[in-house]
Every structure is written in structure tokens, then in C-alpha cells.
There are 2 protein chains.
Amino acid sequence: MTTCGPRNPGRTRGNLLRAGIRLFASRGFHGVGVAEIVSEAGCNKRMLYHYFGDKEGLYVAVLQAVYARMEQVETAPLPPEASTAAMICEIMQRHFHFLATDNEFVKLLLWENLNEGRLLARHPGLLTKAPILHQLRTILEAAQSRGEITAADDPRHLLILMIGMCFIHFSNQHTLRQAVDLDMADPHIQAEGLRLAQQMVLAYLGLAPPEANGV
Amino acid sequence: MTTCGPRNPGRTRGNLLRAGIRLFASRGFHGVGVAEIVSEAGCNKRMLYHYFGDKEGLYVAVLQAVYARMEQVETAPLPPEASTAAMICEIMQRHFHFLATDNEFVKLLLWENLNEGRLLARHPGLLTKAPILHQLRTILEAAQSRGEITAADDPRHLLILMIGMCFIHFSNQHTLRQAVDLDMADPHIQAEGLRLAQQMVLAYLGLAPPEANGV
DNA sequence: ACTCTTCATAACCGATCGGTTATAAAGTCT
DNA sequence: AGACTTTATAACCGATCGGTTATGAAGAGT
């Protein structure tokens with residue numbers, strides 16, 4: 001497409017990375033050829049090998065870049081004076097909204113899982129511990145010390161279910177549409193799904209919903 | 001591998017289908033070559049084109065075969081005299097157990113979603129409505145008519161969350177392992193995840209857990 | 001001005017891709 | 001026995017795959 005001009009190191013690398021993110025997310029590692037990537041990046045095939053070593057090198061860089069987008073969103077501090085229920089709803093809403101916004105993240109995560117984490121295994125440290133787990137732990141411990149909740153279950157299991165209730169809306173969009181006849185891409189449907197998920201977690205913890213609805 | 005012998009129509013077709021299920025599930029449509037499939041099926045490449053037309057034809061047959069496995073499990077009748085809570089737990093346990101057992105189903109479903117349902121769109125009727133939705137609807141309506149529950153939310157949304165809480169354990173096995181440091185392949189971890197998911201749904205519906213635990 | 005590293009291109013490589021052609025043996029029907 | 005359909009094989013096809021070689025221009029250091 002847009003040629004790279006005579007010399008422009010940063011831009012060529014950036015173009016390749018962006019093209020890689022878009023194409024790998026949309027069709028996976030095996031589904032994309034390097035010729036297509038360099039065509040979209042507007043440069044020669046040799047440049048990919050110059051900047052990233054090989055196709056897999058670009059793929060790793062793509063994963064790093066997209067994981068960084070999640071960390072950036074999920075490490076944002078929470079409103080310190082909010083109620084426990086409000087904080088639970090907030091981190092769920094953040095996670096849900098991030099998945100809804102960053103389709104490329106969702107797809108790359110799924111590709112990597114389908115690949116049985118082979119790339120992740122070969123490049124340890126690519127994916128760090130979920131920052132959201134630390135937030136949830138802090139919230140639950142504080143609530144427990146104040147006697148607001150009694151359950152002492154492993155917060156990791158609770159987090160998995162919270163993530164699962166969000167993730168399903170985006171990971172299984174197309175098959176769910178056929179299976180239950182709901183358009184998961186519709187923001188209204190998504191909002192309803194999030195609302196129900198939040199209610200479910202609050203009900204499990206025995207917390208009343210925050211002031212918005214519960215009076 | 002095992003050669004097909006002089007003539008054996010059913011077996012060659014079956015071998016190809018089985019090989020296709022295993023290989024497409026493990027590496028997706030683009031990740032597998034026809035040469036590899038026929039090698040595992042123990043027959044010549046030409047046979048694949050004879051029985052299934054082309055590579056995509058085999059892929060469609062694979063999806064059909066694996067979807068049929070789910071329908072078979074999830075249309076089994078429920079114990080008619082059980083409590084509402086027990087029935088909810090039962091359908092969740094069944095769904096969870098099916099996903100835990102049939103890894104190929106989980107992966108093929110994810111491949112197809114990542115492919116944005118292109119195959120599903122090209123072959124309508126391949127995936128039918130989820131039979132589990134009908135079961136859930138029946139349970140909820142009966143409970144509602146008996147006044148056991150009050151919520152009149154769309155059962156489709158509840159089902160999505162139930163599926164999501166089960167699915168996440170298998171769809172994101174490898175990345176979750178790194179993100180929250182839990183081995184999702186461990187049956188004990190899985191059992192705990194299911195237990196928590198069941199509790200969550202029951203808590204949301206305002207139902208006491210069935211006799212097993214609640215006394 | 002001279003060298004040296006970096007950024008870039010075009011042409012090309014062997015291997016593999018999905019799919020086809022040519023051919024024939026095994027079974028089936030009359 | 002002879003004709004015809006079905007099941008099978010081997011060899012091959014053009015296209016494309018990921019990756020390399022050969023080459024040179026642009027910028028930086030001296």
C-alpha cells in the first residue's frame with residue numbers, strides 16, 4: 001500500500017507491527033502469509049526479517065504489544081472510597097468494556113490458547129500475572145476484614161468465573177448467535193449481559209447492588 | 001499409517017473423518033494439510049476428494065459429526081421429580097462435563113468463532129439451536145409458576161453466563177494458567193470451578209443448594 | 001571524502017500447498 | 001464372460017509458502 005519512502009526505520013517497523021496485529025488477530029498465525037503482511041505494511045518482505053527475525057518473531061512482538069494494552073487498562077486505580085459492591089461492579093465493567101473494545105486482544109488470546117500456548121511456552125514472561133487478580137484480592141480482603149462478606153473461597157476461582165462471564169460474549173459470538181438467537185455484537189445485549197453478570201457475583205457474595213438500582 | 005486394504009469404502013471414509021476431527025481440532029483448517037490427513041487416515045490423497053469433494057467438504061463433515069456429539073449428550077431427559085436447584089445443577093454439571101470430556105468440540109467451536117463463522121454462514125443448518133436452552137426455559141418456567149423464583153429475566157442471558165462460566169475453564173486453559181496460576185486441566189480445580197459456578201447461579205436465583213450440602 | 005552500519009529492493013530458492021490426471025484393480029450387474 | 005461403477009494409487013500440476021541472496025542507497029562517525 002503506502003510505500004515507506006527512502007529511509008524511515010521507526011515507521012517501517014511500526015507498519016509491520018500494526019499489519020501483523022490486524023492480520024494475525026483476524027486469521028491466526030497459519031492463516032496469514034508474510035507476503036500479505038508486508039503488502040499491508042507497504043514495505044518489502046526482507047524488512048520483516050530485518051526487524052523481527054522471522055514470522056514467529058513478528059507474532060511474538062504482536063502478542064507483547066496487545067497484552068500491553070490490557071495491562072494498561074486494568075492497572076488503573078480504583079475509586080478508593082467506593083463500596084465493595086461498587087468496586088466489584090467497576091472491575092467487571094472495566095474488563096468487559098476492554099474486551100468489547102479490543103477485539104484483537106480477544107482473538108489473539110484465543111488463537112494462542114488454541115495453539116496450546118506453544119508460543120507462550122517458548123517465550124516465558126510474555127504474559128504476566130493478571131493485574132485484575134490483585135485488585136480483586138484487595139477488595140475481597142478489605143470486605144472480609146470489615147465483615148461485609150463471609151465466604152473465604154479462593155479469589156482466583158471467582159475471578160475465572162467473572163472473566164468467563166465476560167469473555168463468552170466475545171469469544172463465542174458467532175456460534176452463540178445461532179445457538180440462542182441473540183446478537184452478541186449489539187451493545188444493548190452486551191450491556192444486559194454485563195448487568196446480569198454483575199448481579200450474579202453480588203448475589204453470590206451476599207452484597208446488595210450499589211445505589212444506582214437498589215435504593 | 002494403516003493402509004486401507006484393497007476395497008473398504010466405509011472404513012476409508014471413517015478413517016478420513018476421524019483423522020480430520022483430530023487434526024482440524026488440534027490445528028484448525030489452515031494449520032493442517034491434506035497430505036497429513038490422508039497419511040493419518042492411511043489412504044491416498046485422492047480418496048479425500050472422492051468422499052468429501054475438497055478440504056472444506058471434509059471440514060464441514062467434521063463439524064457436523066462433532067456437533068452431533070453435543071446434541072446427543074444435552075438432549076438426554078432430566079430426572080423429572082428433582083428440585084429446581086438440583087435440576088439447574090444437573091444441566092450445568094452435564095454441560096461442564098461434556099466440555100471437559102470432548103476437547104475436540106471445544107476447539108472446533110473456537111476455531112469456527114475465530115473464523116467469524118464463515119463456514120457456518122456458508123452451510124446453514126449445520127448448527128442447530130442449543131437444546132440446553134429449551135431445558136433451562138422449562139425449568140425456570142416451572143419454578144416461576146410454583147413461585148419458587150421471582151426473577152423474570154431472559155433465560156437466554158442466564159444461559160450465556162452459565163455456558164461462559166463452564167467454557168472459560170477449557171477455552172482459556174493455557175493463558176489462565178499463566179494469568180492466575182491455576183492448572184485448569186486438573187480435575188480438582190475443574191470440580192471446584194463447577195461447584196462455584198453452580199452456587200453462583202443458585203444464589204442469583206435465590207435458591208438454596210440441593211440437599212447434598214445445604215441440610 | 002571515506003568508511004561502515006542500517007534500511008531498503010528485486011529476484012530467487014527449495015519445499016509444500018490444495019487439487020487433478022491417468023490408470024487400474026475390486027466389486028456388481030446382466 | 002463381459003460391461004460398468006466404485007474404490008484405490010502414483011505421479012504430477014501451477015501456485016504459494018516461509019525464508020535467503022545479491023545488491024545498493026541513505027545516514028552517521030571520522
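How much area is buried between domain 1 of chain A and domain 2 of chain A? I looked this up in a predicted model.

**Entry 1: the two domains**

I began with the bounds. Domain 1 of chain A covers 1-53, and domain 2 covers 67-214. I then checked the C-alpha centres of these two domains, and they lie 33 Å apart. Seven residues of domain 1 of chain A take part in the contact, with five residues from domain 2 of chain A.

**Entry 2: the area between them**

Here is my opening question settled. About 490 Å² is buried between domain 1 and domain 2 of chain A. Carbon and sulfur atoms give 64% of that area. I noted that interface size is often given this way, as accessible area lost when the parts come together.

**Entry 3: polar links**

I searched the interface of domain 1 and domain 2 of chain A for salt bridges and found zero. I did find two residue pairs in polar contact between these domains of chain A. Next I sorted the domain 1 side of chain A by class. Where that side touches domain 2, I list three nonpolar, two polar and two charged residues.

**Entry 4: cysteines**

How many disulfides does the structure hold over all chains? I count zero. I looked at B:Cys89, whose nearest cysteine sulfur belongs to B:Cys166, 11 Å away.

Are B:Cys89 and B:Cys166 buried or exposed? B:Cys89 counts as buried because its relative accessibility is 11%. B:Cys166 is at 1%, so I file B:Cys166 as buried too.

Definitions and conventions
Residues numbered from 1 in each chain as written. Chains lettered and ligands numbered in written order. Predicted model: local features only at pLDDT ≥ 70, side-chain atom pairs only at ≥ 80, totals over all residues. Heavy atoms only, no water. Domains from an automatic or database assignment. Contact = heavy atoms within 4.5 Å. Buried area = accessible area lost by both parts, 1.4 Å probe. Salt bridge = Lys/Arg side-chain N within 4 Å of Asp/Glu carboxyl O. Polar contact = N/O pair within 3.5 Å; in protein donor to acceptor, adjacent residues only side chain to side chain. Nonpolar A, V, L, I, M, F, W, Y, C, P; charged D, E, K, R; others polar. Disulfide = S-S within 2.5 Å. Buried < 20%, exposed > 50% of the residue type's maximum accessible area, 1.4 Å probe, protein only.
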